[in-house]
Structure formats: structure tokens, C-alpha cells
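Subject: Structure for you to look at

Hello,

Here is the structure I promised to pass on. Please open it and keep it beside this message while you read the notes below.

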Amino acid sequence: MPAVSKGDGMRGLAVFISDIRNCKSKEAEIKRINKELANIRSKFKGDKALDGYSKKKYVCKLLFIFLLGHDIDFGHMEAVNLLSSNKYTEKQIGYLFISVLVNSNSELIRLINNAIKNDLSSRNPTFMCLALHCIANVGSREMAEAFAGEIPRILVAGDTMDSVKQSAALCLLRLYKTSPDLVLMGEWTSRVVHLLNDQHMGVVTAAISLITCLSQKNPDEFKTCVSLAVSRLSRIVSSASTDLQDYTYYFVPAPWLSCKLLRLLQCYPPPEDGAVKGRLVECLETILNKAQEPPKSKKVQHSNAKNAILFEAISLIIHYDSEPNLLVRACNQLGQFLQHRETNLRYLALESMCTLASSEFSHEAVKTHIETVINALKTERDVSVRQRAADLLYAMCDRSNAKQIVAEMLSYLETADYSIREEMVLKVAILAEKYAVDYSWYVDTILNLIRIAGDYVSEEVWYRVIQIVINRDDVQGYAAKTVFEALQAPACHENMVKVGGYILGEFGNLIAGDPRSSPLVQFNLLHSKFHLCSVPTRALLLSAYIKFINLFPETKSTIQEVLRSDSQIRNSDVELQQRAVEYLKLSSIASTDVLATVLEEMPPFPERESSILAKLKKKKGPGAVSVNELEEGKREGGELNGGGGERGGDNSTIAASNASTPSPSADLLGLRTGPQVSAAPPSAGSLLVDVFSEAGVNDDGFLSSAPPSAVSEDAAPPLPESNELLNKFVCKNNGVLFENQLLQIGIKSEYRQNLGRMYLFYGNKTSVQFVTFTTTVSCPGELHPQLNVQAKPVEPLIEGGAQVQQVINIECLGDFCEAPLLNIKFRYGGALQNLSLKLPVTINKFFQPTEMASHDFFQRWKQLSQPQQEAQKIFKASHAMDTEVIKAKLLGLGMALLENVDPNPENFVCAGVIQTKAQQVGSLLRLEPNAQAQMYRLTLRSSKDTVSKRLCELLAEQF
Amino acid sequence: MIKAILIFNNHGKPRLSKFYEHYTEDTEQQIIRETFHLVSKRDENVCNFLEGGLLIGGSDNKLIYRHYATLYFVFCVDSSESELGILDLIQVFVETLDKCFENVCELDLIFHMDKVHNILAEMVMGGMVLETNMSEIITQAEAQSKMEKSEAGIAGAPARAVSAVKNMNLPEMPKNINIGDISIKVPNLPSFK
């Protein structure tokens, strides 16, 4: 008998669904749905009590509407009411609705919890299972609080039915994942492990997921599961295909459970007990042997299930990495799969081999398959498989085959799918650097990379090639010659122009002896690309030109001519114009000696890095930075243009380029050397300050552009969402700060050392003008002595659709926790609008990144070991845990993201120094994601406790 | 862990969506669309695994799918699951549906959404596998049907529903998942008042 006979539908539901399916257009569908929603709403609201059948019908309709992608904002109460029904049908539909539509934040949880409590204590296994399902599906913190104590009892109680046990195990797992702190280990833990021995395979299936998760977190407490898992596995593997009856799937005994047992064993090192280990090795050998036996069925499901176990067994062998014999067998088996006709197997074989390649026992064995893998990269129809092939080539690469693999990857790049090009480029660049025996090969490879896939070459890659060329004398001449040749191509990628400009600017003299690449030829070649390039590249080229004047005095007049032309000296782009003006002046005023000093060859990169590192090391305890060091730091920042050492790009081309940095940062530097901002400058702004402080409207520390008339009302309290808005800007500097129906506020900001400048853009979204538009920036309370904020006046009138800009200068005097307040008042059609926001100025904005090596990092970490210097938070991920996104956020934070420092590659570590006027605060960060539990652990250590705490608070909201 | 189970047809119309992690309704719909877009453009006979879309967590997650006649069954899982194991699980799910509905077709999923959810709940709970034994799952489903029938109140409904289904004007007549035609049995029940 079929479990569901086709007839028992509900008529109303069937009619509704077929109506929807007959709708000719999206509009018609929405109309029909709205009609139905209105109908259901009135039925729910009506006085007449609905019978169970009708309730069920309406809830089913709502589910269908929800599935089509329409919001359902009612019916929750009705569903909760259904839970307390005694009828299975009603209860079940109520639970269904809740598990599909109620999220863990819902306010209804308390009511639902009550119903669940009743069902759990009902001793009716069906009701208990429904309740357990509901907990597992919603899995909220409130539920964990209510039931985390109860579920383990149900799970291990002697009289619990098997089906309830199964549900209880997974329910507990869910609660453990969402709120590990609430699920307390106890007497039940040892009994849970013994569920691996349970008679009922379903119970084992459910329990093993729970045990695996618990073992990962508390390996010692669950150690006993290893021997139990081995004996269970051994019993399954050695059973005949009919022994396990219903758990035999297409002639394979209990494949799912076998896979899970093998996964559980991967949480532990090889068993120490010789007997257990012997038994396990026997199992693994049996599994490998079975793969060679003729199949018991031709059905794909049979081979699927068999291979599922085989792949898990191979993973375990790779995980143990201690049985050379098994490793080689595993490798051979995967080798067979590499050529299998099933695409799935080829995919998985490539994937498993990637991990195998890192084992010393099997690395050589993996390498024998290189031709097959290269062939897969060239011929596989499926991009997923090709990507795995590329991964494997990367993993099996070593000094002996690097040239072949890099060449193959380069040639594949020419036709590679767009989706994987960027990753391929990075891999080629890394391999080329890692295995470069002679650096001319390296330079060739990277230039080829730019030629073939220039669009996908990220800045890091071309920065890196420049760093290496600068640091290695032996390759500089070759590099100059090669880029010169590469630039001959009629169309070459802009990244090539950047590398070319930089290298010829530094080392063009090394090839100037050859008349074919004389200084003027070099210059003309570079300049022929100039007009096709974007502004940053042009800026870089201008710097290369001034370097040319130093390297080759004979080019001076030609280059000065170029700089003097209107298209440079009157360029509409400030950056280009400023560079042209300053370089022109520099070349005409400065003597050869001065020029030679200012435009000296770039120093090698690591030394620059280590100077920052040494500075951080010098600092011992909290606040122990002498004034001298500080001054030194500042001067260095000024002279070397402050950019982080890694960013070997444009700005550092010339030591003197700080003289010509774009105007905002130049101003920033000027701000510091100029009169103290806190000492009231004789401007209109300062007069207003006095007016306000007398009126006592606000703290007297602020500077404002507001005319007196507008401040008759008090500033509104900050909007409730202003903290959230603040959090949005912790890791970025630009964006929309606030938007409502009338007004949009955009932000652009930049920070250098302890100074910042923020541009606020107020956009009038209406067609009516805003009058008496005033803004006030204030530093409330404690913030006043810590932060100095100066706002330039803003136009009091904003036309409809227009935008005005306001500049705010910020100086960080000491470390701080609060944010400055921005109050905005204006009249729109006569009504006064008054709103306050927090300005997104947070302590991390004053970070200077600090590069350091692993050893130094941990030494420094240990030095900051006082308890109050550390702040730690463990929190749930509120965004997808994507590595690239996390990296981007950490970089946005302003610290240096340190690679290869943490022994666990999943973790992120960062270092930086916060620059305030009073002192510098060194900070170290460690972020440990746990993808399994969707949790993070964030640890901050700084020389100052308030800084650790504040950074920790800010960052915990970001992931 | 299984992050989500999605069933949609060849045109991307969702027929079942079950998320084991919390997303907003909007995101759920976007994930369904994104997944359909990723899966539907793949040829037949390529492999059944691919990296998940950005919305559901990018390359940390895999989409494992099977295409049966008019329907795609897609499981989005993290790295703790065996790919081939999940393929088997999809097969068990479909075979179970086929047994419970007698030659299941797309229409069955549409008109018996609650039942499909219940069957799935017997297999997967909170993103983890509860039971893989088909006969056990079917026994549970049958027990539920029995309980529903015994609770009356709905006794009269079926007959008319069946006629409604039969008379429906279906723009795209879906094919059976396994075998040719749709076969809807008309049970001999008292007519609806």
C-alpha cells in the first residue's frame, strides 16, 4: 500500500494551487495570492472557530505561498495554537509551519517552548519526535536554555523508544552547535559513546553525528569512541551483503554509517592499542580489496555506495599518514579513478590526491600521475573537474617539476574559464616564486602572466615582482631588458606598463648602453603608452619620468617639455597636475646632487619592513614610548610617505614623492605641523564656539558651522540605529552613512597617522529645498580630551536634488571608545527636522599596519600576557564564513594581515600600531574561525587594556 | 552538515525548500535562484558536485545534485559530508517518495507539500541524517497516514480534490519522475457533501 494515497488532498488547496499554475502572468499570480491571503486572514480573524481540517488547509496554502517566494507575516499564532491540539494532524501541521516559517529570533519562541515542553513529557513517541524535530529545526538560544538539560536525559534513558532516541541525538547535536556553553557534559557523556553499540542501526546513524561533533570539541572525553567505532566498522565491513537487511543499500552493507564511522576516526590519531589498530588496518585493507572485486550489481547506485566508503577510507589513510603500504595502495587506487569513465570519480580522485600530495610517503607516487592530471586540465569538459586538476597540479608541484607545471598552467590560462582565472594567476605567481632557481625564469613567468591574463593579475602580484627585482641585483638588468621588450608589443596590458614604468625608472640605466634601448628610446616607449592608461598608472609614469631625469640628464629637456605641456600641468586630475608641477619644479630648481639624493634607487624592501618591526619590538610595557621614539616615528612617516612596506606600488617609487602626494594627505601632514587645531584659530568657527558655549546648549568643545538661530532646540538624541550604522564603517572608510526619505548622507574618509579627514555629502532627495541646514559635530563627555574634531561650515541651503559637501578634520589625541556625534537640523516644507548620528570615527582608523614574521609575532604576543591586556570574545558568525571576505574586512580594519604566522592556516593574525598624539599602542589580533560550529574566537592583545576591549567590541560585530 | 535541500523544476520553480541554517526569506529566494542558475546550465553527464554559490557560503560548501526528468534535487552540504554518500541519500529520498506516492511526479510534490516535508523530516533533522533505511522511513510515513485517516474530519475531502486535480488545465504537464504517465487512482469514497 502506498503511504500516501493520491486522493487525500484538500479541495480548497488543490483549487488554489491550480489557479496559481494557470496564472498567465506574474501580476495575475500576485493578485490571486493576495486574494487568498486576504481570505485566510479574515478566516483566522473571524469569530467562528475553525475546525482542524480548515486550519490545516489554510496553513498548507500559506506554506505554498511562502514557497513561491512571498512573505508570510501572519498565521504564526494560529500555528502555535495548533501545537496544543491533541490531534496528530493538527499538531503536525503546526510544527511544520513553525519549522518552515519561524526563525530563531521570533518572539513566539516562548509560546512554542511551552507546547514543546508538554509534548516532550507526553510520553507519546510521535509527539515527542515532533517536538524534538522542532527544536532541532529552530535551534534558538532560548530553546537551548529551556531544553539543553532535558534532551540528554531522554537520549540515554533506558525506556526511550528507538525513534525518539534518534531524534534526541540530533536535537542535542543542534543545540550543542548553537549554544555549546549550555550543553553541559556530564554523566550522560559516557553513555552516549556506547550508543555506537546500539542494536538499532538508525540509533547508531543518528548518534554518530552527535559523537563526531562532540569528539571534535572534547577529544579526550570521548576517546573511548575509537575502539567502539573500529569494532562497529569491522562488523559492518566483514558482514555479508544480506546481514544488515534494510541497511544494505544496493548490495553494500550500511554505506552511510560506514562513511560516518570512518569520518569519526579522522578526528583522532591512529589508535595506540595494537589490537584495535590491527583490526582497523584489516578493515581498511578489506575496503581497498573490495574495490578490486567485480561489482555485485551493474547499477550505478551500487558502485556509488561502494566508492563512498572507499573514498572515506582513503581519507582516513591520508589522515593517519603513517602506513606507507596503505598510502601507496590508496594512491594507486586514486590513480585508477583518474581515468575512470565516471566524472564523479575523476573529480573525487583529483580532490583526494591533493591531500595525498602533501604526505612525504606518497608525494612521489602522486607525481607519477602528472601527465594524466595535465591531460585532465586540458580535456575535461566539466569546469569543476578542471579546477580540481589545477589544484592538484599546484599541490604536486616541487622543484623537479615546477617548470613543466608552471608552463602547463600558463598555457591553460589562455583558455581558462573566467571564474577560475584569478585563482590560477595567484597559483602560478606563487609557484614561480617558490621554485625559482634562477630569477630570470621568475621574471619571464610573471611577465607572461601579465601578458596572458593581465586583467586577473592583482596588485599583490605585480608589487611582488617589483619587490623581488629590487631586492636582487642579479636580475635587475635582465628584468629591465625583458620589460623593455615586452613593452614593444603594440597592445600591452596596463599592468605591464606599471611594471615597465617602475623597473625602467629604477634600472633603465642598466640597458641604456645598447643604442636600441637608449634613454630617449626608453622614454618614448613609455610615453607612447601614457595616454592609454588610467590615472594611477599615469601618476606612476610621471614618477618614472622624474627618475629618468636623474638617471639620464640628457632626457631632461624632453621630459620637462612633456611635464610643462597643458595636458600635464593643467590636468583636471589634481594628483597628476600636482605631480607634474612639482616634478617640473624639482627638476629645474634642484642641483644634480640634490636630485640624486632625492631620487635615489629604492632601498631593498625587507629592510623597510623590519624598521617598523624594530620599532614595535622596542616598545616594552604599556605606554612606554618615549617622546623621542614618537618623533622619530612621525618623521619617518613623513619622509617615507608612510605607506605599508608591502605596498611596493606607485607611491614608493620615489622617496621624495611625499612632496607630491595627493592634496588631502598632503594637507593632513600640514595639519600636524601647522598651528595646533585645538588652539582656536581666528576663524568664524571659533567665534561660534564661544556663542554656543555661553548658551550652554552643548559641550563647549565642539566647533560648528551652525548659525545661532538654528540651535534654539536641543539636538535630538542619536538615532537608535546609529550604533549599527557605526559598525558598518569599522572596516571601511567610504559609503552611505544614513538615508531616509528626505536625506542621504555619504561619507568618504582617509586617515594617516593620528589624523583623519572626513568628507560628508548631504544629498537632498526631495525636489524641495532644505533651509537653515546646519550640522554640529560634538565630542560628548570623555571623548572631548581624546579626540579633536573640527568641522568646516556647510551651506545653509540645499536645493532639491542637490548635494553639499562638508569637510571634517579629526585629530586623535588619546585612545577613545565613544564616537563623536553629528547633529543635523534643517527645515523641510516648514517642519523642523532634527536628527543625530554617530560619526564613524573609531579607534582602529588610526592603525598603522605592521608586518612581522611568525617568530616575532609570538614573542610579542607573549610579552603582552597580562590579563588586562587581552580581550577575547567568542561569537556566532552572522555572515557567511568566507575566507576572502574575512581577509578583506581585516585589511579594512587597518592592521597588517600576517600570512604564514599562525600554525593553523584557518586562523588569521594581524598586527598594527594605533597612532594617537599622546602615545602609540601596539596591538595584535588573532581570529579563529570554526566553520563547523559557525563560531569565531577573537583575541586582541594591546599594550593598553581599553584599546583591546574596544577593538574587540567593534570587531565582534563585523563577522 | 546539510545546509539546505532544494527541489526545483527545469524552469526554476521551487517545489520544496528546506533550510537548516537561518537566512532571511529574501536570501532564501535568492539562494534558490542562484542555485538553479548554477545547476541548470550544466550539461548532463558532467559531475554531480560543484562549489556552492556565494550566497550560501561559496567554496566552503558544495552543491550535490541529481536531475530526474523534470526535477532537480539539490543538497547543499559542508565539507563534513561524503559527496557520494549524499548522492545515495538523494536516491533514497527519491525512491522513498516514489514508493510513498506510487510513481511520484512533480504534481505529487506540489499537492502534497506537507507529506513531502514529513518524509524528509524522517530522513534529515536539523541538517543531519536521521535515518537512511528506506523501509523504516516508509513505515513511519504510513503510520502517519493512518493516524491522519483515523482522525476523520477530512474523510469527505478526497473525492472532490481528485476531480479537481483531474480537471485541471495544466500548462506544462510534468512527466513522471521514473515512468511514463501520471497515474492518479480514484479511491472509492463517499462523495463530498
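**The sheet in chain A**

In chain A, strands β6, β9 and β10 make an open sheet of three strands, in the order β6-β9-β10 and with antiparallel pairing. Before going further, please note that this is a predicted model.

Which strands lie at the edges of this sheet? They are β6 (770–778) and β10 (831–838) of chain A, each of which pairs on one side only. On average, and with direction ignored, neighbouring strands here are turned by 15° against each other.

Strand β9 of chain A covers residues 821–828, and its antiparallel pairing with β10(A) runs over eight bridges. To see one position in the sheet, find Leu822(A): opposite it stands Leu837(A), in β10(A).

**The sheet in chain B**

Chain B has an open sheet of five strands, ordered β2-β1-β5-β4-β3, and the pairing is antiparallel. Its edge strands are β2 (14–19) and β3 (49–51) of chain B, and each of them pairs on one side only. Neighbouring strands in this sheet are turned by 20° against each other on average, again ignoring direction.

How many bridges join β3(B) to β4(B)? The two strands pair in the antiparallel sense over three bridges, with β4 of chain B spanning residues 62–68. For an example, look at Phe49(B), whose bridge partner in β4(B) is Ile64(B).

**Where the two chains meet**

Contact between the chains involves 98 residues of chain B and 90 residues of chain A. The size of an interface is often given as the accessible area lost when the parts come together. For chain B and chain A, the buried area is about 7,900 Å², with 54% of it on carbon and sulfur atoms. Leu84(B), Met125(B) and Glu151(B) supply 8% of the area that chain B buries against chain A, which is more than any other three residues.

Six salt bridges are counted between chain B and chain A. Arg42(B) forms a salt bridge with Asp382(A), and their closest N and O atoms are 2.8 Å apart.

Which element of chain B gives the most to the side that touches chain A? That is helix α2 (residues 83–101) of chain B, with 13 residues. Sorted by kind, the residues on this side of chain B are 40 nonpolar, 25 polar and 33 charged.

**Salt bridges overall**

Over all chains, a search of the whole structure finds 46 salt bridges. In one of them, within chain A, the side chains of Arg388(A) and Glu351(A) meet at 4.0 Å, N to O. This pair links distant parts of the chain, 37 residues apart: Arg388(A) belongs to helix α21 (residues 383–396) of chain A, and Glu351(A) to helix α18 (residues 343–356) of chain A.

Regards

Definitions and conventions. Residues numbered from 1 in each chain as written. Chains lettered and ligands numbered in written order. Predicted model: local features only at pLDDT ≥ 70, side-chain atom pairs only at ≥ 80, totals over all residues. Heavy atoms only, no water. Contact = heavy atoms within 4.5 Å. Buried area = accessible area lost by both parts, 1.4 Å probe. Helix = DSSP H or I, 4+ residues; strand = E, 2+ residues; numbered from the N terminus. Nonpolar A, V, L, I, M, F, W, Y, C, P; charged D, E, K, R; others polar. Pairing = 2+ DSSP bridges. Axes fitted to C-alpha atoms, helices over the stretch in contact; angles between N-to-C directions.
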